[in-house]
Amino acid sequence: MTVWNWLAVGGAAVLALVAVAEIRRRAGTGTSARRFFRHPTAAPALFVLAFFVTVALAAPLVTPYRPYVQIDIARLANHAPSAQFPLGTDPFGRDVWSRLVYGARISLGIGALAMLVAVTTGVVVGGVAGYFRRWVDATLMRLVDVGLAMPRVFMLLMVVALWEHVPLTVLVLLIGLTGWFGTSRLVRAEVLSVREREFVAAARALGAEPARVIFRHVLPNAAAPIIVSAALGIGNVMLLEAGLSFLGLGVPSPAPSWGNMIADGWPKMAVAWWASTFPGLAISLVVMALNAVGDALRDALDPRKETA
Amino acid sequence: MAAWLVRRLAASIAIVWAVVTLTFVVVHIAHGSPCGQSDGRPVAPETCAALIRRFGLDRPIGIQYVKYLGALLHGDLGESLALHRPVADALAEALPNTLTLALTALILDFALGLALGVYQAARERRFGDIALGNAALFVNSMPTFWLGLVLLLLLAQWLRLFPVGGLRDLVLCPRLDSLPCLADFAWHLTLPALTLGLVGAAGTARYQRAALLEVVRQDFVRTARAKGLPERRVLLVHALRNALLPLITLFGLTFPFLLTGAVLVETVFAWPGMGRLAVTAILQRDYPVVTAAALIASVMVVLGNLLADALYGVADPRIRVRAT
C-alpha cells in the first residue's frame with residue numbers, strides 16, 4: 001500500500017463519519033429518530049455500512065493493485081500481512097486487501113439487488129393476496145407454503161450447478177426469486193388489517209382503482225415491517241451468496257466475492273490464515289451491522305414489537 | 001384435534017409433492033448429460049446412449065415423471081448414476097450421520113441459548129447483558145461454514161485438541177462397537193456440532209431474552225414478586241414457563257436450518273452426511289440422488305413445522321381450543 005492508499009482509506013473513514021452525523025442531523029429529534037439512535041449499536045452499525053460502501057465505490061483509490069493481479073506468484077504467494085500487503089496475499093499471490101475492497105462491490109451489490117427483487121415480489125404478491133382475498137389469496141398463499149418448505153440452498157445449488165455458467169444477473173434473480181415468501185406473508189397480514197380501515201373505504205368510495213388503493217393507500221401504511229424485513233434480508237442474502245460461492249457455485253473466480261475469497265484461501269488455511277479469515281470477518285461485520293440497523297429500525301418504526 | 005391433524009397432514013403431503021415435482025422439473029430441463037463430466041474424460045457416445053436408455057432418460061418427461069412418482073410411492077428412490085447403488089442405501093447411510101449432527105447441535109443450541117437468554121434478561125441493560133448481546137449478534141451474523149473454518153484452525157490445527165474432520169478414526173475404529181470408539185466418535189462430532197450449535201444458540205438467546213422481558217412486565221410476575229418469592233424462583237418458574245412459547249416456533253424454524261446449514265458444515269468437516277451427499281450428487285449430475293435429497297429435506301421442513309404446531313397445543317391449552 002502506498003501513502004496515498006492509506007490517506008484514501010482515512011478519507012473514506014472520515015466521509016463515513018460525516019455521513020452518519022449527517023443522517024443523525026437530518027433525522028431530527030422526532031420520536032422515531034430518538035428511538036433509532038437510542039440503540040447503542042445503531043450509529044456504529046451505520047458507520048460500518050457507510051465505510052464499506054464508500055470504500056467499495058472508491059476502490060481504485062484505496063487499493064494498490066487490481067483484484068485479478070497475481071503480483072509475483074513465485075515469491076509473494078501466501079505472504080503474511082505487512083506494510084505492503086496490509087491483509088497479506090492469497091495462495092495465488094493476489095493482494096487480499098485489494099480483493100476484499102473490490103469484493104465488497106460484488107457482495108454488497110448482490111445483497112442489495114437480490115433483496116430488492118425479493119422485497120418487490122413479496123410486496124406485490126402479499127399486497128394482491130391480502131387485498132383481493134378469496135381464491136386469489138388462497139392460491140398465492142399455497143404457493144408461498146410450498147416456497148417456504150422448499151429446501152432453498154438445495155434448489156439454488158441445483159439450478160446453478162446444472163446450468164454451468166450462470167451470469168451474475170441470473171444469480172441475483174435466482175436468489176431474489178427464492179427469497180420473497182416470508183416477506184409476502186408479512187405484507188399480506190399487514191394488508192389484511194389495513195384494508196379494513198376507514199380511509200381505504202373512503203378511497204374505494206371515491207372510485208379509485210384497486211391498484212391505486214393498494215399502492216397509494218394500503219402499502220404505505222404497511223411499510224414499517226417491510227423496511228425492517230428488507231434490512232434483515234440483505235444480510236441473509238449475503239450469507240447465502242457466501243455459501244454458494246464457497247462451494248464454487250456462486251460468483252465464479254477470478255472475480256472477487258467475499259464467499260469465493262474464503263474458498264480460495266481455505267486449502268492453504270493452515271499456513272496462511274489471513275486469506276480466508278479477513279473476508280469472513282468482513283461478512284460477519286457487515287451482516288452484524290445490517291442486523292443491528294434492522295433491530296433499531298424495528299423499534300423506531302414499529303414500537304408494538306419492541307425488543308429492547 | 002384429530003380433524004385438525006388430518007387436515008395438516010394432507011396439506012403437508014401436498015407441499016412435499018409440490019417440492020418433489022419442482023425438483024423433478026428443474027433437474028430435467030437443465031442442460032448437459034449425466035455421463036462423463038465429473039472427471040473430464042470423454043465417454044464413448046454409444047456408451048452414453050446405452051446408459052441413457054438403461055435409465056430411461058430418453059423417454060418423454062411426462063412418462064418419466066409418472067414412473068418416478070409411482071416408484072416413489074412404492075418406496076423406491078431409484079438407482080444412483082454415479083455411486084452404482086440404490087439411492088435408498090446411500091441415503092440410509094448418510095441420514096443417521098446428519099441426524100446425529102443436527103440433534104447434538106440442536107441440544108447445544110437450545111441449552112446454551114436458553115441459559116444465555118435468561119441470564120441476559122435477568123441482567124437487563126447491565127454490562128453482562130450488553131456485552132453478551134453484542135457477542136451473540138456477532139456470532140449470529142457469521143457465515144456458519146466460516147466459523148467452522150476458524151474453529152478448525154484454532155482448535156484442530158493450532159491447538160491440536162480435535163481431529164480435522166471425518167466421522168471417526170477408520171483404522172482404530174472401523175465400527176462403533178466399543179466404549180473408546182464411541183468416545184472417538186464424540187470427539188469427531190464435537191467441532192461440527194459446536195459450529196452449528198453456536199450460531200444457533202446466538203439466535204435462540206436473542207429470542208429468549210426478548211420473550212422473557214415481555215413476560216416479566218406482566219402483572220402476575222409483579223404479584224409473584226409482591227408475595228416475596230425469591231427473584232430466582234420468579235424468573236425461572238413463573239416467568240420462564242410463559243416465555244417458552246416463542247422457543248417452539250424457533251424450533252420449527254431451526255430444524256430445517258440445521259439441515260441446510262449442515263450442507264456447508266458437513267463439507268468443511270468432511271462429515272459423510274446428507275449435505276455432502278447432495279452436494280457431490282449435484283456436482284456429478286446424479287439426478288436420482290438430487291431429487292431424493294430434496295425430498296428428504298422438504299419432508300424435514302414440513303415435519304419441523306408440524307411438530308412445532310403440535311407442541312404449541314401441548315404447551316398452551318388456549319391454542320388447542322382454538323385449533324379444534
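**A helix crossing in chain A**

Author: Helix 5 of chain A and helix 8 of chain A cross in a right-handed way. Keep in mind that this is a predicted model. Helix 5 covers residues 96-132 and helix 8 covers residues 168-177, and their axes come within 7 Å, crossing at roughly 45 degrees.

Who makes the contact? On the helix 5 side of chain A you'll find A:Ile110, A:Leu113, A:Ala114, A:Val117, A:Ala118 and A:Thr121. Helix 8 of chain A answers with A:Leu168, A:Leu171, A:Val172, A:Leu173, A:Ile175, A:Gly176 and A:Leu177.

Now for the chain around that crossing. Chain A has 14 helices and zero strands, so read from the N terminus its elements are simply α, over and over. Its C-alpha atoms fill a box of roughly 75 × 50 × 30 Å along the principal axes. Of the 308 residues in chain A, 55% are buried. As for contacts in chain A between residues at least 6 apart in sequence, 71% join residues at least 24 apart.

A:Phe52 belongs to helix 3 (residues 42-57) of chain A and A:Trp258 to helix 13 (residues 258-265) of chain A, so the pair ties together parts that are 206 residues apart in sequence. Both A:Phe52 and A:Trp258 are buried.

Another pair, A:Trp273 with A:Phe278, is tilted, with 5.8 Å from centre to centre and 50 degrees between the planes. Here A:Trp273 is partly exposed, at a relative accessible area of 31%. One more ring deserves a glance: A:Arg195 lies over the face of A:Tyr131, 5.3 Å from the ring centre.

Over in chain B, B:Thr23 sits in helix 1 (residues 2-29). With 0% relative accessibility, B:Thr23 is buried. What does B:Thr23 touch, leaving aside neighbours within four places in sequence? The contacts are A:Met155 and A:Met158 from chain A, plus B:Thr291 and B:Ala294 from chain B.

Last, a bit of backbone to check. Most residues other than glycine have a negative phi. B:Arg125 has a positive phi, near 60 degrees. B:Arg125 is in the loop between helix 4 (87-122) and helix 5 (127-140) of chain B, and counts as partly exposed at 48% relative accessibility. B:Arg160 also has a positive phi, of about 55 degrees, without being a glycine. You'll see B:Arg160 in the loop between helix 6 (144-158) and helix 7 (179-216) of chain B, where at 63% relative accessibility B:Arg160 counts as exposed.

Technical notes. Residues are numbered from 1 along each chain as its sequence is written. Chains are lettered from A and ligands numbered from 1 in the order in which they are written. This is a predicted model: local features need pLDDT of at least 70, side-chain atom pairs count only at pLDDT 80 or more; totals for chains, interfaces and linings use all residues. Side-chain values use heavy atoms; hydrogens and water are left out. Helices (H or I, at least four residues) and strands (E, at least two) are DSSP runs, numbered from the N terminus. Buried means under 20% relative accessible area, exposed over 50%, partly exposed in between (1.4 Å probe, protein chains only). Rings of Phe, Tyr and Trp (its six-membered ring) pair if their centres lie within 6.5 Å; planes under 30 degrees apart count as stacked, over 60 as edge-to-face and the rest as tilted. A charge sits over a ring if NZ of Lys or CZ of Arg is within 6 Å of the ring centre and within 35 degrees of the ring normal. Axes are lines fitted to C-alpha atoms, for helices over the stretch in contact, and angles run from 0 to 180 degrees between N-to-C directions. A crossing is left-handed if the near helix is turned anticlockwise from the far one by less than a right angle, and right-handed if clockwise. Contact means heavy atoms within 4.5 Å.
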